[in-house]
Amino acid sequence: MVKEALHERANLLDIAPHLSYPLPIMLPVYKWWQLPYFWAGIKMYDLVAGSKCLKSSYAISKERALELFPMLKKDKLVGAIVYYDGQHNDARMNLSIALTATRLGATIANHARVLSLLKEKDESGKEKLCGAIVRDEITGKEMTVKAKCIVNATGPFTDSIRKMDNQVSKEICAPSLGVHITLPDYYSPEQMGLLDPNTSDGRVIFFLPWEGRTIAGTTDTPCDVSHSPAPTEDDIQFILREVRNYLNPDVEVRRGDVLSAWAGIRPLVQDPNKTDTQSIARNHIVHVSENGLVTIAGGKWTTYRSMASEAMDTAIKGVYIIAFDKSNLR
């Protein structure tokens with residue numbers, strides 16, 4: 001999974017350098033024994049990246065760490081490790097992909113809700129999906145869309161579409177909430193991020209420079225599926241408490257410094273292709289139902305291209321099998 005993500009990271013940096021770029025991220029070290037431990041882990045990350053490694057990671061002294069990140073807490077700091085990762089503008093990337101698809105012949109229907117899936121019987125009497133009834137949520141207009149193959153790529157809403165295909169389908173999506181807040185620019189340097197891999201409750205928290213501001217956030221909090229996920233006050237206060245733990249005590253971290261807060265749902269999945277449905281897949285899965293519904297679920301932004309490629313290969317294979325079967329029956 002990590003190797004695939006690193007390969008796709010390089011692809012993003014190559015195809016969209018105006019939206020994607022390398023960013024150095026610092027892991028501060030406050031115990032001497034952690035220095036070789038973190039260093040070995042980060043070097044393994046570099047090793048897995050191979051030729052796709054953006055820049056080799058390196059260890060720095062306490063003095064150098066404070067020079068690069070002046071607001072960092074000084075007490076008991078023994079040094080830091082800096083590694084490189086990719087950062088990209090997800091909103092603009094999403095729009096660019098949609099516009100590119102349109103230029104190449106795709107029809108885009110934004111704000112459209114699937115109301116039901118259509119089925120028909122083939123020559124052998126077996127039911128197959130053949131389209132969907134959708135509604136434009138802005139105008140209220142309903143329309144019928146015919147298709148040789150339907151791909152379910154709906155993120156946290158994966159299970160609702162699968163149940164339209166088969167009501168007894170087991171739920172495979174395990175939604176996880178990621179909460180982020182925006183802070184003023186003085187919370188981080190312009191060209192250096194900060195990562196805390198071990199917060200008070202075991203989650204990961206980061207501070208990253210973004211569009212002239214600083215964003216801080218956490219990941220992987222179990223949640224219910226919602227059309228408009230929103231952070232709670234407890235979520236915001238948790239992030240602020242963790243921020244205080246890593247910044248100089250002279251810096252007053254205030255609730256009023258929060259310029260905005262938002263949340264997103266990450267669709268972690270249980271692989272229906274495996275008998276052990278209790279295990280959560282950290283990468284993506286592709287599943288084809290008995291009626292031909294192709295479901296692509298899980299994954300993350302970095303691997304969007306490989307996910308799309310695998311889903312389309314599966315869909316095309318299914319269409320050709322159907323076509324072959326029909327011609328053979330004739």
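Reader: Which residue in strand 15 stands opposite Val 151?
Author: In this predicted model, local features need pLDDT of at least 70 and side-chain atom pairs count only at pLDDT 80 or more, while totals for chains, interfaces and linings use all residues. Residues are numbered from 1 along each chain as its sequence is written, and side-chain values use heavy atoms, with hydrogens and water left out. Strands here are DSSP runs of E with at least two residues, helices are runs of H or I with at least four, and both are numbered from the N terminus. In strand 15, the residue opposite Val 151 is Val 294.

Reader: In what sense do strand 7 and strand 15 pair, and over how many bridges?
Author: Two strands count as paired if DSSP finds at least two bridges between them. Strand 15 covers residues 294-298. With strand 7, the sense is parallel and the number of bridges is 2.

Reader: How many residues of strand 15 are buried?
Author: Buried means under 20% relative accessible area, exposed means over 50%, and partly exposed lies in between (1.4 Å probe, protein chains only). Strand 15 is largely enclosed by the rest of the structure, because the count of its buried residues is 5 of 5.

Reader: Which residue takes a positive phi in the hairpin of strand 14 and strand 15?
Author: This hairpin has 5 residues between the strands. The phi in question is near 95°, and the residue is Gly 292.

Reader: Into which domains is the chain divided, and what distance separates the centres of domain 1 and domain 2?
Author: The bounds come from an automatic or database domain assignment. They give domain 1 (1-90), domain 2 (109-172 + 271-324) and domain 3 (175-270). Contact (heavy atoms within 4.5 Å) involves 10 residues of domain 1 and 10 residues of domain 2. Taken over C-alpha atoms, the distance between the two centres is 37 Å.

Reader: Which residue of strand 12 stands opposite Leu 177?
Author: Strand 8 is mostly covered, with 10 of its 11 residues buried. Strand 8 and strand 12 run antiparallel and are joined by 10 bridges. The residue opposite Leu 177 is Ile 265.

Reader: Is Ser 20 buried or exposed?
Author: Ser 20 lies in strand 1 (residues 20-29). Leaving aside neighbours within four places in sequence, Ser 20 is in contact with Leu 12, Leu 13, Gln 87, His 88 and Met 93. With a relative accessibility of 5%, Ser 20 counts as buried.

Reader: How far apart are the end C-alpha atoms of helix 1?
Author: The expected span of a helix is 1.5 Å times one less than its number of residues. For the 14 residues of helix 1 (residues 2-15), the span should be 20 Å. The model agrees, because the end C-alpha atoms are separated by 20 Å.

Reader: How many disulfides does the whole structure hold?
Author: A disulfide requires a pair of cysteine sulfur atoms within 2.5 Å. For Cys 149, the nearest cysteine sulfur is that of Cys 130, 12 Å away. The sulfur of Cys 173 is 8.6 Å from that of Cys 223, its closest, which is too far for a bond. In the whole structure, the number of disulfides found is 0.
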